[in-house]
Amino acid sequence: FHPREPQPGTRPVTMKFRGLAVTCRHYLVAGVSEPAGLLVFDLHSGAPPTMLTWPAGEPFSPFDIAAGPCGGVWILDRENARCWKLNSRFQLDPPYPFQLPARHAVAIETAPGGFLFILDTPPDRAYSTVYLGSFDSSRKTLTFREQFLEPLFEPGNGDGGFSRMPSHLRGHDAAFVAGANGNRTVNGTPS
């Protein structure tokens, strides 16, 4: 890597970035809030990135991005309380956008089977909320159910066990981790 020499007579473009993901097809997608859109890097070709500008008149402020299971991405727009789904060609996947049940979302993450997680951390609560979204690709619908991050499991009295006790747990980012056998689990139970 080395600094790129500016073209004579040109001024550098200033961009404000928010959110980043790498897809399973080896594209790095960066959210750009000013000017609104996405910067897409093809990691295999090494070619310059492609700037995808957002449709005029459609408010867009990316906050977090998660790679989708089929090469696309999900984009969390915290400011406008919605999320967007883009297909593997980085085109908006209608119907869009999807309204979020959370007003203080801080992270978005995908999981196999069309599941989507939204982490909500309101400033006036001592705990975060995870909204589990289920995307039906045939109907193009996204439905959410709420799951609180309480109580927290804390170490027991030295016997290696854990005791259940209420606690304050506030999340600031999220990651999906598959179970030991690669299957999705909810509360330790395969689903």
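How many disulfides does a search of the whole structure find? The count is zero, where a disulfide means a pair of cysteine sulfur atoms within 2.5 Å. Keep in mind that this is a predicted model, where local features need pLDDT of at least 70, side-chain atom pairs count only at pLDDT 80 or more, and totals for chains, interfaces and linings use all residues. Residues are numbered from 1 along each chain as its sequence is written, and side-chain values use heavy atoms, leaving out hydrogens and water.

**Cysteines**
- Cys 83 is buried at 0% relative accessible area, while Cys 24 is partly exposed at 49% (buried is under 20%, exposed over 50%, partly exposed in between, with a 1.4 Å probe and protein chains only).

**Strand β10**
- Five of the six residues in β10 (residues 115-120) are buried, so the rest of the structure largely encloses this strand (strands are DSSP runs of E, at least two residues, numbered from the N terminus).
- β10 runs antiparallel to β9 (residues 105-111), with six bridges joining them (strands pair if DSSP finds at least two bridges between them).
- On its other pairing, β10 meets β11 (residues 129-136), also antiparallel over six bridges.
- Leu 116 is the bridge partner of Thr 110 and stands opposite Gly 133 in β11.

**Aromatic rings**
- The whole structure holds seven aromatic pairs (Phe, Tyr or six-membered Trp rings with centres within 6.5 Å; planes under 30 degrees apart are stacked, over 60 edge-to-face, the rest tilted).
- Phe 60 and Trp 84 have ring centres 6.2 Å apart and planes at 75°, so they're edge-to-face.
- Both Phe 60 and Trp 84 are buried.

Terms used
Helix = DSSP H or I, 4+ residues; strand = E, 2+ residues; numbered from the N terminus.
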